[in-house]
Amino acid sequence: MKITTIDAREAKTLVENGAVLVDVREPGERAGGYIANDRNLPLSRLTPVPVESNGKPVIFYCASGARTRMNASALDAIGGAEPKILAGGIMGWAQAGLPIARG
């Protein structure tokens with residue numbers, strides 16, 4: 001398994017440099033907030049098709065990081081060359097003082 005865990009600051013830097021951010025929560029969970037410019041690919045609909053990333057890292061996140069860790073093998077398989085997990089999920093992102101989109 002090549003998937004690694006990164007903190008919110010590293011994730012932000014990677015996203016600014018073209019990494020793809022993927023929210024694995026269900027659509028209803030996103031009502032409480034999400035990270036802008038992400039993609040929503042709920043774990044319940046996960047397919048073995050790789051996430052299109054043009055060779056850039058793919059960063060997966062959920063609410064707290066638990067679901068992404070529990071499903072690391074499946075995410076690793078679709079995450080391309082550099083799959084990552086956002087430590088602490090969107091909660092870790094918010095705790096780092098990074099913006100949460102609403103709506």
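Reply: Two strands pair if DSSP finds at least two bridges between them; strands (E, at least two residues) and helices (H or I, at least four residues) are DSSP runs, numbered from the N terminus. This is a predicted model, in which local features need pLDDT of at least 70, side-chain atom pairs count only at pLDDT 80 or more, and totals for chains, interfaces and linings use all residues. Residues are numbered from 1 along each chain as its sequence is written, and side-chain values use heavy atoms, with hydrogens and water left out.

Me: Which residue in β5 does V58 stand opposite?

Reply: Strand β5 covers residues 83-86 and pairs with β4 in the parallel sense over three bridges. In β5, the residue opposite V58 is P83.

Me: In what order do the five strands form the open sheet?

Reply: Strands of a sheet pair through backbone hydrogen bonds, either parallel or antiparallel. Here the pairing is parallel, and the order of the five strands is β1-β5-β4-β2-β3. Each edge strand pairs on one side only, and these edge strands are β1 (4-6) and β3 (39-40).

Me: What is the bridge partner of L21 in β4?

Reply: Strand β2 spans residues 20-23 and pairs with β4 in the parallel sense over four bridges. Within β4, L21 has as its bridge partner I59.

Me: Which residue in β3 is the bridge partner of V22?

Reply: β2 and β3 also pair in the parallel sense, over two bridges. In β3, V22 is partnered by R39.

Me: Are the residues on both sides of β4 buried or exposed?

Reply: A residue is buried under 20% relative accessible area, exposed over 50% and partly exposed in between (1.4 Å probe, protein chains only). Strand β4 (residues 58-61) has V58 and F60 on one side and I59 and Y61 on the other. Both faces are covered, and these four residues are all buried.

Me: Why is A8 described as buried?

Reply: A8 belongs to helix α1 (residues 8-16). Leaving aside neighbours within four places in sequence, A8 is in contact (heavy atoms within 4.5 Å) with L86, G92, W93, A96 and L98. A8 counts as buried because its relative accessible area is 6%.

Me: How far from the centre of the ring of Y34 is the charged end of R30?

Reply: A charge sits over a ring if NZ of Lys or CZ of Arg is within 6 Å of the ring centre and within 35 degrees of the ring normal. The charged end of R30 sits over the ring of Y34, and its distance from the centre is 4.5 Å.
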